[in-house]
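Thanks for coming. I have one model to go through today, from the overall fold down to two residues. Please have a look at it first.

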Amino acid sequence: MSNIQDKIDQEVEQARATCDTTGSSSAECAAAWDAVEELQAEASHQRQAKRKTSLEQYCDANPEADECRVYED
């Protein structure tokens, strides 16, 4: 997760620099902040991703275990 946060920090710095040189109402400035928004949205999605339970982790490692069998009707 810190990898994406580092990338967000880099993009924010780059967006600020772009806006300083091209002006805050330029298309380049808007595009730079759009890139920041996209990364922030991805970070939010990763935080909301469902974590596996200990049983799910165990079954991933041991699919043939009795506890992991799935029976269909």
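Read along the sequence, the pattern here is α-α-α. That is three helices and zero strands, where helices (H or I, at least four residues) and strands (E, at least two) are DSSP runs, numbered from the N terminus. The radius of gyration is 21 Å, well over the 11 Å that the globule rule gives for 73 residues, so the protein is more spread out than a compact globule. That radius is taken over C-alpha atoms, and the rule is 2.2 Å times the number of residues to the power 0.38.

Before the details, a word on where this comes from: the model is predicted, local features need pLDDT of at least 70, side-chain atom pairs count only at pLDDT 80 or more, and totals for chains, interfaces and linings use all residues. Residues are numbered from 1 along each chain as its sequence is written, and side-chain values use heavy atoms, with hydrogens and water left out.

Along its principal axes the C-alpha trace spans about 65 × 25 × 15 Å. Of the 73 residues, 22% count as buried. Buried means under 20% relative accessible area, exposed over 50%, and partly exposed in between, with a 1.4 Å probe and protein chains only.

On charge, there are 7 positive and 17 negative side chains, and the centres of the two sets lie 5 Å apart. Lys and Arg count as positive and Asp and Glu as negative; His and the chain ends are not counted. Each charge is placed at NZ of Lys, CZ of Arg, CG of Asp or CD of Glu.

Now the inside. Which residues make up the largest nonpolar core? There are eight: Ile4, Ile8, Val12, Ala15, Ala32, Val36, Leu39 and Ala43. Helices α1 (2-22) and α2 (27-48) each supply at least two residues of this core. A nonpolar core is a set of buried Ala, Val, Leu, Ile, Met, Phe, Trp, Tyr and Cys residues joined through side-chain atoms within 4.5 Å.

Take Ala15, in helix α1. Ala15 is buried, at a relative accessible area of 0%. Leaving out residues up to four places away in sequence, Ala15 touches Ala32, Trp33 and Val36, a contact being heavy atoms within 4.5 Å. From Ala15 to Tyr71 is 56 residues in sequence and 54 Å in space, C-alpha to C-alpha.

Last, Glu11, also in helix α1. Is Glu11 buried or exposed? Glu11 is buried, with a relative accessible area of 16%. With residues up to four places away again set aside, Glu11 touches Ala35, Val36 and Leu39.
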